[in-house]
Amino acid sequence: MLEAWNFSHSTFVFRGFPALQEHRRLLALPFTASYLSVLLGNSLLLYVICSVESLHSPMYLLICMLCVIDILVVTAIIPNMLLGLLFDWDEISLAGCLTQMFFTHFLSSLESTLLLVMALDRYVAICHPLRYTEIVDSSLFMKLLLFTLLRSGSIMGTLVGLADSLRFCSSNLIQHCYCDHMALVSLACDSTEKNTAAGLAVIICFVGVDIPLIFFSYMKILSAVLRATAPDEDRWKAFHTCGTHLIIMMCFYLVGSVTFLSHNLNIPIPTDVNTFMGLMYILFPATVNPIIYGVRTKEIRNGFFRIFKLRVQTAMTVKVAPAGKRQM
């Protein structure tokens, strides 16, 4: 009896999209395409920013960091999920599950903080342009980086530590495609009050703090734009860009909050829908960010065309040079 009481599963099996098990291999196609688009889009944006010297400024450094985080957080879940969809490799150890949980939530929380920093950066750039270089310097960046790592690392480390202390003695089927915190905690035999409280604390700390500050920053930006007496193309561009950023951010936080709270508050959401929302919370921002912050940014577009033109000229020079030698 004592041995049975102390029993706890050491391996788990993913059961995301249970209603679509017969078509699981077809599901791999759109997720593979999404993963490749994330890798291509973010890598290309990184390459352009790193290659063009005029883009080596704080705003574009933040975009680079966002690209790196998007690539890492998607890579933390999608390859493993694709192996499960294609080859039925659905098992994961408890240690592997907790590791995936930590990096998934840690990187997502980093993205939340980074979106806040980007909003504050735009606020200073548009509302206080003459003091921008004085306020936004390398010292501030280092302080923000340290704060971001400490906040996300400590909170997510506590979250995973609490999950690691639980016993899982009933089902070992995780109703998700990756190790979401509450999807694993819901399988525990012990009391999960601390885990539920920790999950709510994450929502309050990141959504409850970051969203109001982001919203405040963009409202100040939009107010400054609307107060302009003679709106020109640049002011309209700033208004349109900030509005788009705000909509994308709100979608990111809304989907993330629903997926977190669905387990904490026992909201009856079908497993397939909850799994899809959990994946979109990770995939959607990583897919659209290169478009929002790259394609729609004039300086980055010009940098890309400059690099492309240089590569074409170099290729043409290599091809023409041997022909010229033969004529001599």
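The legends below describe several close-up views of a predicted model.

Residues are numbered from 1 along each chain as its sequence is written, and side-chain values rest on heavy atoms, with hydrogens and water left out. Because the model is predicted, local features need pLDDT of at least 70 and side-chain atom pairs count only at pLDDT 80 or more, whereas totals for chains, interfaces and linings use all residues.

**View 1. The whole chain, with its secondary structure and its surface.** The chain holds 12 helices and three strands, where helices (H or I, at least four residues) and strands (E, at least two) are DSSP runs numbered from the N terminus. Of its 328 residues, 44% count as buried; buried means under 20% relative accessible area, exposed means over 50%, and partly exposed lies in between, with a 1.4 Å probe and protein chains only. The accessible surface comes to about 17300 Å², of which 70% belongs to carbon and sulfur atoms, and such areas come from the Shrake-Rupley method with a 1.4 Å probe, only the protein chains shown counting as cover for residues. Residues 24 or more positions apart account for 81% of the contacts with a separation of 6 or more, a contact being heavy atoms within 4.5 Å.

View 2. The unreviewed UniProt entry gives "transmembrane region" for residues 27-48, 60-82, 102-120, 140-163, 197-218, 238-256 and 276-295; the positions are in the numbering used here, feature names are shortened, and annotations may be inferred rather than shown by experiment. Over residues 60-82 the model is 91% helix and 0% strand, with the end C-alpha atoms 32 Å apart. Residues 140-163 are 100% helix and 0% strand, and there the end C-alpha atoms lie 35 Å apart.

**View 3. The nonpolar cores.** The largest nonpolar core has 74 residues, and those with the most contacts inside it are I63, V74, I78, I214 and L279; a core of this kind is a set of buried Ala, Val, Leu, Ile, Met, Phe, Trp, Tyr and Cys residues joined through side-chain atoms within 4.5 Å. Helix α9 (residues 193-226) gives the most to this core, with 12 residues. A second, separate core of 19 residues includes F12, M101, C179 and A188. Returning to V74, its contacts, leaving aside neighbours within four places in sequence, are with Y35, V38, P79, I282, L283 and A286.

**View 4. A nonpolar patch on the surface.** L44, Y47, F304, F305, F308, V312 and M316 together form a nonpolar surface patch with about 660 Å² of accessible area. Patches are made of residues with over 30% relative accessible area and no salt bridge, like charges being joined within 9 Å and nonpolar side chains (Val, Leu, Ile, Met, Phe, Trp, Tyr) within 5 Å. Helices α2 (24-51) and α12 (298-327) each supply at least two of the patch residues, and α12 gives the most, with five. L44 sits in helix α2 and counts as partly exposed because its relative accessibility is 38%.

View 5. The model has eight salt bridges, each defined as a side-chain nitrogen of Lys or Arg within 4 Å of a carboxyl oxygen of Asp or Glu. One of them joins D88 to R25, with the closest N and O atoms 3.4 Å apart. This pair links distant parts of the chain, since D88 lies in the loop between α4 (78-87) and β2 (91-93) and R25 in helix α2, 63 residues apart. D88 is partly exposed, with a relative accessible area of 43%, and R25 is also partly exposed, at 45%. In another salt bridge the side chains of R122 and D121 meet at 2.8 Å, N to O, and D121 is buried, with a relative accessible area of 6%.

**View 6. The loop between α7 and β3.** R167 forms a salt bridge with D190, the closest N and O atoms being 3.3 Å apart. The two residues belong to distant parts of the chain, R167 in the loop between α7 and β3 and D190 in the loop between α8 (181-185) and α9, 23 residues apart. R167 counts as buried at 16% relative accessibility, whereas D190 is partly exposed at 27%. S171 is found in the loop between α7 (138-164) and β3 (173-174) and is partly exposed, at 31% relative accessibility. Not counting residues up to four places away in sequence, S171 touches H9 and L187, and its C-alpha atom lies 8.6 Å from that of A188, which is 17 residues apart from S171 in sequence.
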